[in-house]
Amino acid sequence: RTAIDALIAEREANGPFRSLEDLCRRLDLQKLNRRVLEALIRSGSLDCLGPNRATLMQRLPAAMQLGDQNAKMVDAGQSDLFGLATDGGSAAAAPVIDTPPLPEWSERVRRDGERETLGLYLTGHPMDAYESGLARFVTHRLGDLVSERPIAGSGEGYRGFGGGKPV
(Lines give C-alpha, C1' and ligand atoms only; values in the text may rest on other atoms or scores of the structure.)
Protein backbone atom coordinates (compact mmCIF):
# COMPACT_ATOMS: atom_id res chain seq x y z
CA ARG A 1 0.00 0.00 0.00
CA THR A 2 2.85 2.39 0.87
CA ALA A 3 4.47 1.82 -2.53
CA ILE A 4 1.27 2.55 -4.44
CA ASP A 5 0.57 5.66 -2.35
CA ALA A 6 4.09 6.93 -3.12
CA LEU A 7 3.58 6.22 -6.84
CA ILE A 8 0.27 8.08 -6.94
CA ALA A 9 1.60 11.04 -4.94
CA GLU A 10 4.59 11.43 -7.28
CA ARG A 11 2.40 11.20 -10.38
CA GLU A 12 -0.01 13.83 -9.03
CA ALA A 13 2.83 16.14 -7.98
CA ASN A 14 4.98 15.91 -11.14
CA GLY A 15 2.80 14.51 -13.90
CA PRO A 16 2.61 11.15 -15.62
CA PHE A 17 5.61 8.89 -15.90
CA ARG A 18 7.15 8.87 -19.37
CA SER A 19 9.01 5.56 -19.15
CA LEU A 20 10.01 2.80 -16.75
CA GLU A 21 13.32 4.59 -16.25
CA ASP A 22 11.52 7.84 -15.41
CA LEU A 23 9.40 6.01 -12.84
CA CYS A 24 12.49 4.45 -11.22
CA ARG A 25 14.29 7.81 -11.20
CA ARG A 26 11.43 9.71 -9.57
CA LEU A 27 10.48 7.22 -6.85
CA ASP A 28 12.22 5.97 -3.73
CA LEU A 29 13.26 2.45 -4.67
CA GLN A 30 13.32 1.52 -0.99
CA LYS A 31 9.52 1.84 -0.99
CA LEU A 32 8.96 0.65 -4.54
CA ASN A 33 11.22 -2.42 -4.63
CA ARG A 34 11.84 -4.92 -7.41
CA ARG A 35 9.07 -7.27 -6.27
CA VAL A 36 6.51 -4.47 -6.40
CA LEU A 37 7.69 -3.28 -9.82
CA GLU A 38 7.58 -6.83 -11.20
CA ALA A 39 4.02 -7.23 -9.90
CA LEU A 40 3.01 -3.92 -11.53
CA ILE A 41 4.48 -5.08 -14.84
CA ARG A 42 2.86 -8.54 -14.66
CA SER A 43 -0.53 -7.03 -13.79
CA GLY A 44 -0.42 -4.70 -16.79
CA SER A 45 -0.34 -1.55 -14.65
CA LEU A 46 2.75 -0.24 -16.45
CA ASP A 47 1.73 -1.17 -20.01
CA CYS A 48 1.75 2.48 -21.08
CA LEU A 49 5.47 2.79 -20.23
CA GLY A 50 6.84 0.41 -22.84
CA PRO A 51 6.09 -1.62 -25.94
CA ASN A 52 5.05 -4.72 -23.98
CA ARG A 53 5.38 -6.48 -20.63
CA ALA A 54 8.26 -8.73 -21.73
CA THR A 55 10.35 -5.71 -22.74
CA LEU A 56 9.50 -3.84 -19.54
CA MET A 57 10.56 -6.85 -17.47
CA GLN A 58 13.84 -7.04 -19.41
CA ARG A 59 14.55 -3.31 -18.87
CA LEU A 60 13.66 -3.38 -15.15
CA PRO A 61 17.12 -4.21 -13.70
CA ALA A 62 18.85 -1.44 -15.67
CA ALA A 63 16.05 1.04 -14.90
CA MET A 64 16.35 0.29 -11.20
CA GLN A 65 20.11 0.74 -11.38
CA LEU A 66 19.62 4.17 -13.01
CA GLY A 67 17.13 5.08 -10.30
CA ASP A 68 19.50 3.95 -7.57
CA GLN A 69 22.40 5.91 -9.10
CA ASN A 70 20.21 8.99 -9.35
CA ALA A 71 19.13 8.71 -5.70
CA LYS A 72 22.75 8.37 -4.54
CA MET A 73 23.83 11.44 -6.54
CA VAL A 74 20.93 13.52 -5.25
CA ASP A 75 21.72 12.46 -1.67
CA ALA A 76 25.36 13.42 -2.18
CA GLY A 77 24.38 16.77 -3.71
CA GLN A 78 26.07 15.90 -7.00
CA SER A 79 24.87 16.07 -10.54
CA ASP A 80 26.26 13.95 -13.31
CA LEU A 81 27.73 15.02 -16.62
CA PHE A 82 24.48 14.41 -18.48
CA GLY A 83 22.12 16.04 -15.97
CA LEU A 84 20.33 12.80 -15.07
CA ALA A 85 20.42 13.41 -11.32
CA THR A 86 17.71 15.90 -10.55
CA ASP A 87 15.54 16.80 -7.58
CA GLY A 88 12.22 15.01 -7.68
CA GLY A 89 10.51 14.94 -11.03
CA SER A 90 10.94 18.58 -11.95
CA ALA A 91 13.56 18.25 -14.67
CA ALA A 92 13.86 16.19 -17.82
CA ALA A 93 12.95 12.56 -17.73
CA ALA A 94 15.55 9.84 -17.42
CA PRO A 95 16.74 8.44 -20.72
CA VAL A 96 15.02 5.30 -21.94
CA ILE A 97 17.26 2.26 -22.02
CA ASP A 98 17.70 1.43 -25.67
CA THR A 99 16.88 -2.24 -26.03
CA PRO A 100 15.08 -3.86 -28.93
CA PRO A 101 11.51 -4.81 -28.03
CA LEU A 102 11.02 -8.45 -27.14
CA PRO A 103 8.09 -10.44 -28.47
CA GLU A 104 5.06 -10.06 -26.20
CA TRP A 105 4.41 -12.83 -23.72
CA SER A 106 1.86 -15.42 -24.74
CA GLU A 107 -1.74 -14.75 -23.80
CA ARG A 108 -1.54 -17.45 -21.14
CA VAL A 109 1.55 -15.93 -19.48
CA ARG A 110 -0.07 -12.46 -19.48
CA ARG A 111 -3.32 -13.83 -17.98
CA ASP A 112 -1.45 -15.86 -15.37
CA GLY A 113 0.48 -12.75 -14.31
CA GLU A 114 -2.75 -10.77 -13.98
CA ARG A 115 -4.41 -13.53 -11.99
CA GLU A 116 -1.40 -13.91 -9.69
CA THR A 117 -1.05 -10.19 -8.97
CA LEU A 118 -4.65 -8.94 -9.18
CA GLY A 119 -6.65 -12.02 -8.26
CA LEU A 120 -8.62 -11.85 -11.52
CA TYR A 121 -8.17 -12.08 -15.27
CA LEU A 122 -8.08 -8.62 -16.81
CA THR A 123 -7.34 -8.99 -20.53
CA GLY A 124 -9.01 -12.32 -21.12
CA HIS A 125 -10.13 -15.57 -19.52
CA PRO A 126 -8.91 -19.14 -20.02
CA MET A 127 -12.39 -20.15 -21.23
CA ASP A 128 -12.25 -17.64 -24.10
CA ALA A 129 -10.47 -20.20 -26.27
CA TYR A 130 -13.36 -22.65 -25.83
CA GLU A 131 -16.30 -20.24 -26.02
CA SER A 132 -17.28 -21.01 -29.63
CA GLY A 133 -17.42 -24.76 -28.90
CA LEU A 134 -19.39 -24.30 -25.68
CA ALA A 135 -22.49 -23.17 -27.58
CA ARG A 136 -23.19 -26.83 -28.41
CA PHE A 137 -23.35 -27.75 -24.71
CA VAL A 138 -24.55 -24.61 -22.95
CA THR A 139 -27.80 -22.74 -23.52
CA HIS A 140 -27.45 -19.85 -21.05
CA ARG A 141 -24.78 -17.89 -19.22
CA LEU A 142 -24.82 -17.96 -15.41
CA GLY A 143 -25.47 -14.21 -15.27
CA ASP A 144 -28.65 -14.72 -17.32
CA LEU A 145 -29.87 -17.64 -15.20
CA VAL A 146 -29.60 -16.04 -11.75
CA SER A 147 -31.15 -12.71 -12.68
CA GLU A 148 -34.29 -13.33 -10.60
CA ARG A 149 -32.87 -13.82 -7.10
CA PRO A 150 -35.19 -13.47 -4.11
CA ILE A 151 -34.95 -10.20 -2.24
CA ALA A 152 -33.30 -10.63 1.15
CA GLY A 153 -35.77 -10.42 4.02
CA SER A 154 -38.83 -10.63 1.77
CA GLY A 155 -39.87 -13.99 3.19
CA GLU A 156 -39.89 -15.58 -0.24
CA GLY A 157 -38.02 -18.79 -0.82
CA TYR A 158 -35.68 -19.57 -3.68
CA ARG A 159 -37.28 -19.08 -7.07
CA GLY A 160 -34.85 -21.29 -8.95
CA PHE A 161 -33.63 -20.66 -12.44
CA GLY A 162 -36.01 -18.91 -14.78
CA GLY A 163 -38.25 -17.40 -12.10
CA GLY A 164 -40.32 -20.39 -10.99
CA LYS A 165 -42.93 -20.28 -8.21
CA PRO A 166 -41.86 -19.35 -4.68
CA VAL A 167 -41.28 -22.37 -2.46
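The structure is a predicted model. The chain has seven helices and zero strands, so its pattern along the sequence reads α-α-α-α-α-α-α. Of its 167 residues, 28% count as buried.

**The chain as a whole**

- The accessible surface comes to about 11000 Å², and carbon and sulfur atoms account for 54% of that surface.
- Among contacts between residues at least 6 apart in sequence, 55% join residues at least 24 apart.
- A search of the whole structure finds 13 salt bridges.

**Helix α3 and its ends**

- Helix α3 covers residues 34-43, and its buried residues are Leu37, Leu40, Ile41 and Ser43.
- The cover over these buried residues includes helices α1 (2-14), α2 (20-26), α4 (53-76) and α5.
- Just after α3 comes glycine 44, which takes a positive phi of about 95 degrees.

- Arginine 53 is found in helix α4.
- Arginine 53 counts as buried because its relative accessibility is 3%, and the cut-off for buried is under 20%.
- Glutamate 114 is buried as well.
- The side chains of arginine 53 and glutamate 114 form a salt bridge, with N and O 3.1 Å apart.
- This pair links distant parts of the chain, since glutamate 114 lies in helix α5 and arginine 53 in helix α4, 61 residues apart.
- Side chains of opposite charge can pair when their charged atoms come close.
- A polar atom of the arginine 53 side chain also lies 3.4 Å from the backbone oxygen of arginine 42.

- Lysine 72 and aspartate 68 meet through their side chains in a salt bridge of 3.3 Å, N to O.
- Both of these residues, lysine 72 and aspartate 68, lie in helix α4, four residues apart, which is about one turn of the helix.
- Lysine 72 is exposed because its relative accessible area is 54%, and exposed means over 50%.
- Aspartate 68 has a relative accessible area of 31%, so it is partly exposed.
- In helix α5, glutamate 107 and arginine 111 are likewise four residues apart, about one turn of the helix.
- Glutamate 107 and arginine 111 form a salt bridge in which the closest N and O atoms are 3.1 Å apart.
- Glutamate 107 is partly exposed at a relative accessible area of 41%, whereas arginine 111 counts as buried at 11% relative accessibility.
- An α-helix has 3.6 residues a turn, so residues three or four places apart point the same way.

**A salt-bridge network**

- Salt bridges link Glu10, Arg18, Asp22, Arg25 and Arg26 in a network.

**Threonine 117**

- Threonine 117 belongs to helix α5, which runs over residues 107-118.
- With a relative accessible area of 27%, threonine 117 is partly exposed.
- The side chain of threonine 117 reaches the backbone oxygen of glycine 113 at 2.8 Å.
- Leaving aside neighbours within four places in sequence, threonine 117 is in contact with Ala39, Arg42 and Ser43.
- Threonine 117 and serine 43 are 74 residues apart in sequence, yet their C-alpha atoms are 5.8 Å apart in space.

- Met127, Tyr130, Leu134, Phe137 and Val138 make a nonpolar surface patch of about 510 Å².
- One of these residues, phenylalanine 137, is found in the loop between α6 (131-134) and α7 (142-145).
- Phenylalanine 137 counts as exposed because its relative accessibility is 62%, and the cut-off for exposed is over 50%.

Note on methods. Residues numbered from 1 in each chain as written. Predicted model: local features only at pLDDT ≥ 70, side-chain atom pairs only at ≥ 80, totals over all residues. Heavy atoms only, no water. Helix = DSSP H or I, 4+ residues; strand = E, 2+ residues; numbered from the N terminus. Buried < 20%, exposed > 50% of the residue type's maximum accessible area, 1.4 Å probe, protein only. Contact = heavy atoms within 4.5 Å. Polar contact = N/O pair within 3.5 Å; in protein donor to acceptor, adjacent residues only side chain to side chain. Patch = residues over 30% accessible without salt bridge, like charges linked within 9 Å, V, L, I, M, F, W, Y side chains within 5 Å. Areas by Shrake-Rupley, 256 points an atom, 1.4 Å probe, with all protein chains shown as cover. Salt bridge = Lys/Arg side-chain N within 4 Å of Asp/Glu carboxyl O.
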